[in-house]
Amino acid sequence: MAVQEAQAALFSAGVLVVLYAIVLCPDFFSTQDPERTDARQAFIPIQPLHFFDGGSFAPWVPAAVGKRNPVTLRMEWTTDPSRKIRVGFFVTGKPYRFLGLIPMSTHLIGPVDASERIFLLGSDRLGRDQWSRIMHGTQTSMTIAWSAVTLSVVLGVVLGGISGYYGGWPTRSSSG
């Protein structure tokens, strides 16, 4: 039982390390600028990432194909697996500053052709990439969580120390 608990703790620590890596540099993990809008690409569905093509390692996502609904006049998107957008790792993309200091333009994942856009988790009503927005949102969420834990630990140590020093152990009075 102790081995399973240790494995679970190590797995959790690994997840936490990955999350804090995203917090330190969300632009590296983003596929594009999270604020880039294009209303013509609103509500594109998830483009699932495929790692193999014809038995060899060649990452790709299916292209998004839109067709206007003649009744509602809304654009309706589907993914077309016959049209493939090649995806690469450590690709050049939107420039950013690593840790806010070092200018870079390398991203963990992105389209090989810089003119293409991929939407790993789809797009919202303004055509913004949801994957990139989540990477940047992680920074805010994890910073708030880290601050709350730090504040509770500091307050707990200080108040517990004061309580222990001045309060002591409760004693029974022997008056009777």
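**Starting from one residue**

I began with Ala63, which touches Gln47, Thr78, Thr79, Asp80, Arg83 and Ile85, leaving out residues up to four places away in sequence; a contact is heavy atoms within 4.5 Å. This is a predicted model, where local features need pLDDT of at least 70, side-chain atom pairs count only at pLDDT 80 or more, and totals for chains, interfaces and linings use all residues. Residues are numbered from 1 along each chain as its sequence is written, and side-chain values use heavy atoms, with hydrogens and water left out.

**Cores**

Which residues form the largest nonpolar core? I found seven: Val61, Ala63, Ile85, Val87, Ile109, Ile118 and Leu120. A core here is a set of buried Ala, Val, Leu, Ile, Met, Phe, Trp, Tyr and Cys residues joined through side-chain atoms within 4.5 Å. Buried means under 20% relative accessible area, exposed over 50%, and partly exposed in between (1.4 Å probe, protein chains only). Strand E2 (56-68) and strand E3 (75-98) each supply at least two residues of this core. There is a second, separate core of six residues, and Ile22, Cys25, Phe28 and Phe29 are among them.

**Layout**

I counted three helices and four strands, running α-α-β-β-β-β-α from the N terminus. These are DSSP runs numbered from the N terminus: helices are H or I with at least four residues, strands are E with at least two. The radius of gyration is 25 Å, whereas a compact globule of 176 residues would come out near 16 Å; I take it over C-alpha atoms, with the globule rule being 2.2 Å times the number of residues to the power 0.38. The C-alpha trace spans about 90 × 40 × 40 Å along its principal axes. Buried residues make up 26% of the 176.

**Leu24**

Next I checked Leu24, in helix H1 (residues 2-24). Buried or exposed? Leu24 counts as exposed because its relative accessibility is 56%. Its C-alpha is 26 Å from that of Gln47, 23 residues along the chain.

Most residues other than glycine have a negative phi, so I looked up the exceptions. Leu73, in the loop between E2 and E3, has a positive phi of about 65 degrees without being a glycine. Leu73 is exposed, at 55% relative accessible area. Phe90 is found in strand E3 and has a positive phi of about 55 degrees, again not a glycine. Phe90 also counts as exposed, at 55% relative accessibility.
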